[in-house]
Amino acid sequence: MKQVWRDRRHFDHLIEMSRPDPDPDRPQVADTAERCTDPARRRLILGAAGGTLLGAFGMARLGEVMADEQPVLETLTNAGSALQPATRLGSASGPQADDDVDTTAIDRAPDELLDVPDGMIMFPLLAASDCFVLDNFGDGRGCCRLHVGLDIMGSENQPVFAVTDGVLAEKYTNTGTAGWGWKIEDDDNNVVTKYFHLAKDLRGLEIGDTVRRGDVIGYVGDSGTTVGNFHLHFEYRPNDVPIDPLPLLNVPDNACGVSNPLRG
């Protein structure tokens, strides 16, 4: 049932992705029902929620008769043989979070995450057992938006790391769908990175503070999204233009899985 619960959380996120891309300037509405006033949209979300419950029950039964389960998410996100699993260059054998360790006492990323090949991006968080990367950069959001980041699911309250040196240029304060988060500007390399949906800031960082690559800048939360939808929305922007970070991301392959592409 632990696997089913994990897959339900990933599927809940697919429902969440029908909403517009995080917009830090748009006020956040506390009541989800108030965001669903359009009848067609409401029917879509209710139908998807019903499908989630049926899918979870079906997987529970399937697990009783199959010794080797195929992850539900792989089935849900495989739109056909034309979609191939994401290719990751230089995947690392990285660390996994220990449930018995106080992660708030961690100030820096472990050496296994910091040590990446030239040209690659270090993984931006300490992966827990439910870590899962959604290959959803460029996924359509609403009528005229594209998802310009990458969502790393799970790892509730685990440390989030700056992937570059730089300055904390903007702080997102849970007034929009980005929730709590940071924008970091690396002027030396002309790269901007963004980190959304963090837990409320516990580290006392302020705009203008300098951070080093690997410094803890927050913790994985569910701010700006549905309650319990713990994940990190991560953006990588050379020249402040968003690109898909997954081909460059040094994903710890013994700690975090990757979905098939979620875009057709």
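Is Y172 buried or exposed? Y172 is buried, at a relative accessible area of 5%. Here buried means under 20% relative accessible area, exposed means over 50%, and partly exposed lies in between, with a 1.4 Å probe and protein chains only.

The model is predicted: local features need pLDDT of at least 70, side-chain atom pairs count only at pLDDT 80 or more, and totals for chains, interfaces and linings use all residues. Residues are numbered from 1 along each chain as its sequence is written, and side-chain values use heavy atoms, with hydrogens and water left out.

The protein contains four helices and 12 strands. Helices (H or I, at least four residues) and strands (E, at least two) are DSSP runs, numbered from the N terminus. Of the 264 residues, 47% are buried. The accessible surface amounts to about 12,900 Å². Carbon and sulfur atoms account for 52% of that surface. Accessible areas come from the Shrake-Rupley method with a 1.4 Å probe; for residues, only the protein chains shown count as cover. Contacts were also examined by sequence separation, a contact being heavy atoms within 4.5 Å. Among contacts between residues at least 6 apart in sequence, 72% join residues at least 24 apart.

Two aromatic pairs are present in the structure. Rings of Phe, Tyr and Trp (its six-membered ring) pair if their centres lie within 6.5 Å; planes under 30 degrees apart count as stacked, over 60 as edge-to-face and the rest as tilted. Y172 pairs with F196 in an edge-to-face arrangement, with 4.8 Å centre to centre and 80° between the planes. This pair links distant parts of the chain, 24 residues apart. Y172 sits in strand β6 (residues 166-173) and F196 in strand β8 (residues 191-198). F196 is buried, with a relative accessible area of 1%. The other pair is formed by Y195 and F234. Their ring centres are 5.6 Å apart and their planes stand at 50°, so the pair is tilted. Y195 belongs to strand β8 and F234 to strand β11 (residues 231-238), 39 residues apart. Both Y195 and F234 are buried.

One disulfide is found in the whole structure, a disulfide being a pair of cysteine sulfur atoms within 2.5 Å. C131 and C256 form the bond, with their sulfur atoms 2.0 Å apart. The torsion about the S-S bond of C131 and C256 is about -70°, so the disulfide is left-handed. C131 and C256 are both buried.

I106 lies in the loop between α3 (72-77) and α4 (111-114). With residues up to four places away in sequence not counted, I106 touches L126, P159, R203 and V216. The C-alpha atoms of I106 and V216 are separated by 7.4 Å, although these residues are 110 apart along the chain.

Two asparagines have positive phi values. For N157, which is not a glycine, phi is near 65°. N157 is found in the loop between β4 (150-153) and β5 (159-161). Its relative accessibility is 38%, so N157 counts as partly exposed. For N174, also not a glycine, phi is about 65°. N174 is placed in the loop between β6 and β7 (180-186). With a relative accessible area of 29%, N174 is partly exposed.
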